[in-house]
Amino acid sequence: MGSASDTGSASDTDAGPGSEAARGVDPAPGAASAPGTGRGADTVGRRDTVAAVVRQWQAVHPELDTGPMEVIGRINRCAALLQQAEDAPLRRAGLSRPEFDLLGALRRTGHELTPGELARETFSSGAAVTKRLKQLTERGLVERRGDTRDRRVAHLRLTDTGRDLVDGILPEQLAYETTVLSGLATEGQHELAGLLAELLSRLEGHMGALRA
């Protein structure tokens, strides 16, 4: 049986089998009118790609509660679409999303960070951060300073060029996000932000237990 991941992934919008919503699918003939069980019934009348996927699963397994797909699938699908558009200014600047996350961490914290601190700030592995820092340093966007007490430790900060690059890209991203959310009333935006904050807080606190 599939899981909520069948409805799309933010990190891989061309995922393999089961990523119907990431590609966009039409309901199977008759799927829209398939009898429901009262669980996951919010898809009735909806036209988004996740609703199509859920209706198909309801037709295949009408006894299962597909309700979680209604939430997780849409979060994944929205994240995938948002990231694709937000990455456009990064591509024009010759940056990948992970590289920009490193630059952004150095800019928003406002002080030097070690590679280990950057790894924690960006939820990345130490090896990945080391590789990205090498590229950003070679481009003159980041500079490193050795620790006077421990030669094994490096302190990193943005160069003037790096800071100007981040400050130039961020307004463009925020303007795009404002346009995306303009279809929701301000009250709806606040409600959605609160619900997502609650979910994220729970996931950050319990995800390790869920993986076990």
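Helices (H or I, at least four residues) and strands (E, at least two) are DSSP runs, numbered from the N terminus. This is a predicted model, in which local features need pLDDT of at least 70, side-chain atom pairs count only at pLDDT 80 or more, and totals for chains, interfaces and linings use all residues. Residues are numbered from 1 along each chain as its sequence is written, and side-chain values use heavy atoms, with hydrogens and water left out.

**Overall layout**

The protein has eight helices and two strands. Along the sequence, the pattern runs α-α-α-α-α-α-β-β-α-α. Of the 212 residues, 31% are buried. Buried means under 20% relative accessible area, exposed means over 50%, and partly exposed lies in between (1.4 Å probe, protein chains only). Contact means heavy atoms within 4.5 Å. Among contacts with a separation of 6 or more, residues 24 or more positions apart account for 58%.

Two packed helices are described by the angle between their axes and the distance between the axes. Here, axes are lines fitted to C-alpha atoms, for helices over the stretch in contact, and angles run from 0 to 180 degrees between N-to-C directions. Angles under 35 degrees count as roughly parallel, over 145 as roughly antiparallel, 65 to 115 as roughly perpendicular and the rest as oblique.

Take α4 with α6 to begin. The axes of α4 (residues 97-109) and α6 (residues 126-138) come within 10 Å and cross at roughly 80 degrees. The two helices are therefore roughly perpendicular to each other. From α4, the contact uses Pro98, Glu99, Leu102 and Leu103; from α6, it uses Val129, Arg132, Leu133, Gln135 and Leu136. By class, this contact of α4 with α6 has six nonpolar, one polar and two charged residues. The classes are set as follows: Ala, Val, Leu, Ile, Met, Phe, Trp, Tyr, Cys and Pro are nonpolar, Asp, Glu, Lys and Arg are charged, and the others, Gly among them, are polar.

Next comes α5. The axes of α4 and α5 come within 10 Å and cross at roughly 105 degrees. α4 and α5 are therefore roughly perpendicular to each other. Asp101, Leu102, Ala105, Leu106, Arg108 and Thr109 of α4 meet Leu118, Glu121 and Thr122 of α5. By class, the contact of α4 with α5 has four nonpolar, two polar and three charged residues.

**The strand pair**

Strand β1 (residues 142-146) and β2 pair in the antiparallel sense over five bridges. Two strands pair if DSSP finds at least two bridges between them. Glycine 146 has alanine 154 of β2 as its bridge partner. Four of the five residues of β2 (residues 154-158) are buried, so β2 is largely enclosed by the rest of the structure.

**Salt bridges**

Side chains of opposite charge can pair when their charged atoms come close. A salt bridge is a side-chain nitrogen of Lys or Arg within 4 Å of a carboxyl oxygen of Asp or Glu. The structure holds twelve of these salt bridges.

| Glutamate 70 | Arginine 74 | 2.6 Å |

Glutamate 70 and arginine 74 are four residues apart in helix α3 (residues 67-92), so about one helical turn separates them. Glutamate 70 is buried, with a relative accessible area of 8%.

Glutamate 112 is partly exposed at 22% relative accessible area. Arginine 145 is partly exposed at 35%.

Arginine 157 is in strand β2 and glutamate 143 in strand β1, 14 residues apart. Arginine 157 is partly exposed at 39%, and glutamate 143 is partly exposed at 32%. Glu112, Glu143, Arg145 and Arg157 are linked in a network of salt bridges.

**Two single residues**

Most residues other than glycine have a negative phi, and most peptide bonds are trans. Phenylalanine 123 is not a glycine, yet has a positive phi of about 55 degrees. Phenylalanine 123 sits in the loop between α5 and α6. Its relative accessibility is 74%, so phenylalanine 123 counts as exposed.

Leucine 82 is in helix α3 and is partly exposed, with a relative accessible area of 31%. Leaving aside neighbours within four places in sequence, leucine 82 is in contact with Tyr176 and Val180. Leucine 82 and tyrosine 176 are 94 residues apart in sequence and 9.3 Å apart in space, C-alpha to C-alpha.
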